[in-house]
Amino acid sequence: MKLRRLRWAGLWPWLALLLAGILAGGRLGAGIVAVTGIAGLLAIGAALAPGRNPQVHLRRMLPHEPPMAGDDVEVRIEGHLGLGWPVVLLRLEDEPPAPLHGGSGPWHLGGRLAVAYTMRSVPRGQYRFRLCRVTLRDGLGLIERNLELPLPGDLIVYPERVALPAPRLRDESSGHEEVARGTRDFLPGDRPSRLHAARTAQRGYPQVRESTPPPEHARTLRLFAPNASVADLELAISVAASLAEALLTAGLSVGLSLGGASVPPAAGEGQRRRILQELALASSGRLAAADALPALPDGHGEPWLILAGTAAQQPPAAAAAVLLRVGCDLGEDAITVLGDLALWARSFAS
């Protein structure tokens with residue numbers, strides 16, 4: 001808790017009124033001086049009301065479920081500030097992290113604190129609230145005091161998504177592919193084609209790749225967007241989030257692979273939250289700076305490749321059961337807006 005400012009907002013008018021009372025003399029002057037003195041006492045009481053160590057109880061209320069990018073988010077704070085002087089006006093103002101904008105509550109007499117405001121069209125990401133501010137003043141506005149109060153809170157905003165039909169299931173989904181897990185010593189019966197040259201040279205004994213087939217009914221969304229614009233990156237992230245929800249709803253195990261995150265396939269609500277959180281926190285700069293396809297996680301299953309930026313213009317020669325080109329300025333065969341994904345999904349599921 002920090003005292004930011006103690007400002008005598010109306011000091012000069014108060015001094016002028018006191019001087020006028022002194023100069024007027026008589027009963028009128030005495031009355032003016034008395035009223036001015038009372039106003040001064042009220043102002044001093046308001047300044048000292050919280051004491052040296054203010055006692056405050058605040059609660060921040062954020063949405064229980066993470067909102068979606070572009071949604072309006074309502075924030076409420078309620079609480080009470082302990083005062084040793086009841087004749088004080090209080091106003092609470094929240095200070096959310098940039099680029100979000102906060103709001104101020106109404107003036108309340110006494111120790112009640114409350115503010116409710118709406119943040120418009122919040123972008124995806126994670127936002128850490130740290131502070132709010134309380135302004136105290138007397139009724140005549142002679143004095144004003146600001147307190148900074150720590151009030152932490154976390155808000156995560158998932159990417160924008162669109163509802164998609166459940167994709168069809170294929171039992172033969174790349175079950176013949178293998179996922180490299182490491183290397184081991186060469187054993188009789190191992191195929192020479194499995195030899196790992198670099199590891200063999202390092203260990204001084206023949207090393208072979210140790211791998212395992214991917215699980216059935218598993219899909220991994222692989223996002224690659226070198227040199228993509230911010231708009232294309234956000235569209236690609238929304239495509240991945242929408243597909244992940246649809247695949248998980250269909251009962252599949254879903255994984256994610258992109259710059260900065262590699263999530264092995266799994267099923268269920270917990271996996272949905274994990275994937276959406278990774279996409280919410282994905283760095284646009286890191287995705288745009290990628291120079292190679294992100295590595296697939298263990299047990300990746302069927303790879304679904306989502307391309308944006310220069311990769312969407314010249315797709316790399318990578319094995320993928322499904323390939324989606326994403327970009328606002330691409331041709332008719334690409335996803336140019338999120339609504340195109342719903343059309344593609346309906347044709348894919350039929």
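1. A nonpolar core is a set of buried Ala, Val, Leu, Ile, Met, Phe, Trp, Tyr and Cys residues joined through side-chain atoms within 4.5 Å. The structure discussed here is a predicted model. Its largest nonpolar core has 44 residues, and the members that touch the most others are Leu-221, Val-239, Leu-243 and Ile-306. Helix H4, residues 230-249, supplies the largest share of this core, with 12 residues. As background, nonpolar side chains in soluble globular proteins tend to be buried together.

2. Helix H4 deserves a point of its own. Its 20 residues reach 29 Å from the first C-alpha to the last, close to the 28 Å expected at 1.5 Å a residue. Of the 20 residues of H4, 16 are buried, so the helix is largely enclosed by the rest of the structure. Just after H4 comes Gly-251, with a positive phi of about 90°.

3. Where does Arg-161 lie? Arg-161 is in the loop between strand S8 (144-157) and strand S9 (179-185). Arg-161 counts as buried because its relative accessibility is 17%, and the cut-off for buried is under 20%. A polar contact of 3.3 Å joins the side chain of Arg-161 to that of Glu-245. A polar atom of the Arg-161 side chain also lies 3.1 Å from the backbone oxygen of Pro-159. Not counting residues up to four places away in sequence, Arg-161 touches Met-68, Ala-241, Ser-242, Glu-245, Arg-272, Leu-276 and Leu-338.

4. Another arginine, Arg-203, is found in helix H3, residues 197-203. Arg-203 has a relative accessibility of 46% and therefore counts as partly exposed. Arg-203 and Asp-185 are 18 residues apart along the chain, and their C-alpha atoms are separated by 9.3 Å.

5. Most residues other than glycine have a negative phi, and most peptide bonds are trans. The peptide bond from Ala-98 to Pro-99 is cis, with omega near 5°. Pro-99 belongs to the loop between strand S4 (89-95) and strand S5 (108-109).

6. For Ser-121, which is not glycine, phi is near 45°. Ser-121 lies in the loop between strand S6 (112-119) and strand S7 (125-137), and it counts as partly exposed because its relative accessibility is 48%. Asn-227 is not a glycine either, and its phi is about 60°. The loop that holds Asn-227 runs between strand S11 (218-224) and H4. Is Asn-227 buried or exposed? With a relative accessible area of 58%, Asn-227 is exposed.

7. An open sheet of 3 strands has the order S2-S3-S6, with antiparallel pairing. Strand S2 (56-61) and S6 stand at the edges with a single partner strand each, so one side of each has no neighbour in the sheet. From one strand to the next the twist averages 10°.

8. The pairing within this sheet can be followed residue by residue. How many bridges join S2 to S3? S2 and strand S3 (residues 73-81) run antiparallel and are joined by 6 bridges. Val-56 has Leu-81 in S3 as its bridge partner, while His-57 is paired with His-80 in S3. Arg-76 stands opposite Ala-116 in S6.

Methods. Residues numbered from 1 in each chain as written. Predicted model: local features only at pLDDT ≥ 70, side-chain atom pairs only at ≥ 80, totals over all residues. Heavy atoms only, no water. Buried < 20%, exposed > 50% of the residue type's maximum accessible area, 1.4 Å probe, protein only. Helix = DSSP H or I, 4+ residues; strand = E, 2+ residues; numbered from the N terminus. Expected span 1.5 Å × (residues − 1). Polar contact = N/O pair within 3.5 Å; in protein donor to acceptor, adjacent residues only side chain to side chain. Contact = heavy atoms within 4.5 Å. Pairing = 2+ DSSP bridges. Axes fitted to C-alpha atoms, helices over the stretch in contact; angles between N-to-C directions.
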